[in-house]
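Dear colleague,

I am handing over the structure that we spoke about, and below it you will find an account of what was found in it. Please keep the model open while you read, so that you can look up each place as it comes.

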Amino acid sequence: MVSVEPLRKILQMECSKGYPDLVVIGGLDRYLRRWASEARDGIAEPRSLRRFEELHLANPGYAALDRSRRQEWIAGILHWLAEMERATSERRKAEDGAAISSNRLPAAGTRPRPRHPSAAAGPHSLDSHITLIKGISSGLAAKFRRLGVRTVRDLLYFFPRRHLDYSTLKTVSELEEAGEQTILATVWEAQVTTLGSRRGTEAIVGDETGNLRVVWFNQPYLAKKLPTNARMVLSGRVSLFKGRKVFESPEWELVEDKELIHTGRLVPVYPLTEGLRPRPVRKVIKEAVDLWAGQVPDFLPPEVISRCQLMALPQAIGQAHYPDSSPTRDSARGRLAFDELFLIQLGVLAKKHHWQQDRPGSPLQAGRDVVAGFLSSLPFALTPAQERVLAEILDDLGRSQPMCRLLQGEVGSGKTVVAIAALLAAVASGRQGALMAPTEILAEQHFASISRLLSSLSHPITLALLTGSIGQGEKQELHRRISAGEVDIVIGTHALIQKGVEFERLGLAVVDEQHRFGVMQRSALRHKGVSPHVLVMTATPIPRTLALTLYGDLDISVIDQLPPGRQTVKTKWLDPGQRGSAYAFVQRQIDAGRQGFIICPLIEESESIETKAAIAEYQRLSRDVFPQLKLGLLHGRLSAPEKEEVMRRFRAGELHILVSTPVVEVGIDVPNATVMLIEGADRFGLSPLHQFRGRVGRGEEQSYCLLLAETPSAEGRERLALIERIQDGFILAEEDLRLRGPGEFFGTRQSGLPDLRMARLSDIALLEQARGEALRLFEQDPELKQPEHRLLASEVSRLWKDKGVELD
């Protein structure tokens, strides 16, 4: 029988390139007619022969089909090839079994042929292990595993970080000492030589315009791979050596009857780990793309693809790895980025739908009078923004659907008062309330402030503080009281979601500083009751579009107004030469009875290095700059109890200055701290700078934020100018998203979303397009039950299941 392997490869390349009918000279029709005339006589199995006739391979008419019919037609042929191989394999097994049973061995030199992987039929699929791919041994697979690549699908979605442009060919005479360049040349000579103190390879290559010396350091084995008169493509950088141009360790590839991988094109640059080298990685990924990209089902509904003008998925995967041009690469990235954002939106919409529809909540309608009494007892009036947000929350609490709401508000905007009012509404309706904070310090702060604000109520409210540091006996007694319903409002840390904490009738769960908790922790608190209402709060301003992506399962309320009299923190960007003046200003604040923070520079390379630098800076400041003052040190390597003790001493006024790496807890309330000095301020994004600034200005005294930067880049200077001029956190958040992307707000890992490989959350237009399409589809088919959405439902489930988030 004629080999099916060349046909399979050509068809899969046709799939990966988007069915253009350009992968073979003269088109597929011509190739198929020739192949069919040779193949027909070799097909012995009747069923395969019948299917062969049905496919009309001898007169296919492929060129006349539109793209969707081409895709369907090729899928049918690939399926037939897999069936034919399976039938052949089974027949051979039967023959071999018969030979063995009669004590005969198969003829010398014959053996069952290995089956080629096919997602269309047989045991292999996109979820098969990557050792299925030619060239990937178990050892190489172990190295890929360190990068999260385990299956064929993982390998297809293991996208390059960037591409080197080796696509433009030059002649030898056109080469310049700059940039990436590519030539097509003939090998005149190649030999092992000594380069410096080590052996390498030296070759002389040339074309009709001249000759060129090429050297590869530490690669003497290459000399044997470059035969004289061989044609080769070289891509890389040219340098000058003794006045002559030299290619130093370029990428190279012999010109053979196959597609170039390493040169002469846009060449992918993949993330690597120890033991993975670029050439083998490119080779095995090219193998995987050619054989498997065409097998990836396009799960997007055709109307979405058409409306958004998106590339077909198999083509997008192929072009994302090995693009034909820069525009096709960009189109491929656009399709794949849309997929990620679209699937995230469907996932969060499904979570909200299942939570509210499948688990009806309990309306809390009896607390309006109690809330009104509480508000009238306050020594201040709510701002209009607080009143609006509280009305939204109370309206949610009165519904049978459980509330899922995100409350955003600047530091000092009054989120806590709104949360207390909501918790009181729950208690007045005969339910319990819980407030979870990320640290013990914050939990203690909330407990103290809530106790103070509720002390004047005529109806006593029972409060309890549950943290990890309380004794075992006290903890068990508190667990008993909570489960018995003897505690109205519990304030605590992660201890609230630990085993053993059971509420008798939890009605409202409040999560403070939401970005400090993952989705699973939020869900764990939610499941401590029977469909409680949930309110999550954050002081980190998030642009609305980004919030809709990160928290698409939540309704959003914003307190966008500060209380009257809230002071502005005066912010000043200082030159390095003004450091002495900055220290003197800090000293004057301390002399006036105030306290201050000094933030050490962000060192991205290593927390260990950052900690050592902070310790050294703390020692220098204590010894040389503020020898008469008491300084404390806070860094990421301290244990939780050590951090808590440092912060306790600072809050108690036992320390004048807190020196810290960028781990200063969000929400720490030290009203006596009036000055914040930030070293290396240009290394931070606008959002963290704004959060640092929010640590001061919490008391009645004027507060200050001083920014020091040694040699800021142009972007760094722009950020410093913005933070100096703008006080509004939401405006700064929009600017930060524009300048640096979403990393300064939340990573997807913290938010619990599926990882993003292609999408950038800073791409607002694509975000809005994906969200709009997801909402449109969700309104039509929220359960994704319609037959045409079967593939999409499977993809949504697969993506979110990988993150440990159940949609139901």
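The buried residues of helix α7 pack against α1, α5 (138–145), α6 (152–156), β9 (251–254), β10 (266–269) and α9 (313–321). Please bear in mind throughout that this is a predicted model. Helix α7 is mostly covered, since 11 of its 15 residues are buried, and among them are V281, R282, V284, I285 and W292. The length of α7 can be checked as well: at 1.5 Å a residue its 15 residues should span 21 Å, and because its end C-alpha atoms are 21 Å apart, the two values agree.

One of these partners can be looked at in more detail. Two packed helices are described by the angle between their axes and the distance between the axes. Helix α1 (residues 5–16) and helix α7 (residues 278–292) pack at an angle of about 90°, with their axes 6 Å apart, which means that α1 is roughly perpendicular to α7. On the α1 side the residues that take part are K9, Q12, M13 and S16, and they meet V289, D290 and L291 in α7. Sorted by class, this contact of α1 with α7 has 3 nonpolar, 2 polar and 2 charged residues.

Which residues of helix α22 are buried, and where do they lie around its axis? The buried residues of α22 are G716, R719, L720, L722 and I723, and, seen down the axis of α22, they fall within an arc of 160°, so they line one face of the helix. On the other side of α22, A714 and R725 are exposed.

Helix α14 (residues 440–454) has 15 residues and reaches 21 Å from its first C-alpha to its last, close to the 21 Å expected at 1.5 Å a residue. Its buried residues include E440, A443, H446 and L454. Two of these, E440 and A443, are in contact with T467, which also touches K475, T493 and A495, if its neighbours within four places in sequence are left aside. T467 itself is found in the loop between β13 (463–466) and α15 (472–483), and with a relative accessible area of 2% it is buried.

Another buried residue is W35, which counts as such because its relative accessibility is 5%, under the 20% cut-off. W35 lies in helix α2 (residues 28–39), and although W35 and L7 are 28 residues apart in sequence, their C-alpha atoms are 8.0 Å apart in space.

Most residues other than glycine have a negative phi. N218, in the loop between β5 (210–216) and β6 (231–236), has a positive phi near 60° and is partly exposed, with a relative accessible area of 47%. Q309, in the loop between α8 (302–308) and α9, has a positive phi of about 55° and is exposed, at 72%.

For the protein as a whole, there are 26 helices and 23 strands, and 53% of the 808 residues count as buried.

With best wishes

Conventions
Residues are numbered from 1 along each chain as its sequence is written. This is a predicted model: local features need pLDDT of at least 70, side-chain atom pairs count only at pLDDT 80 or more; totals for chains, interfaces and linings use all residues. Side-chain values use heavy atoms; hydrogens and water are left out. Axes are lines fitted to C-alpha atoms, for helices over the stretch in contact, and angles run from 0 to 180 degrees between N-to-C directions. Helices (H or I, at least four residues) and strands (E, at least two) are DSSP runs, numbered from the N terminus. Angles under 35 degrees count as roughly parallel, over 145 as roughly antiparallel, 65 to 115 as roughly perpendicular and the rest as oblique. Contact means heavy atoms within 4.5 Å. Ala, Val, Leu, Ile, Met, Phe, Trp, Tyr, Cys and Pro count as nonpolar, Asp, Glu, Lys and Arg as charged, and the others, Gly among them, as polar. Buried means under 20% relative accessible area, exposed over 50%, partly exposed in between (1.4 Å probe, protein chains only). The arc is that of the directions from the helix axis to the C-beta atoms. The expected span of a helix is 1.5 Å times one less than its number of residues.
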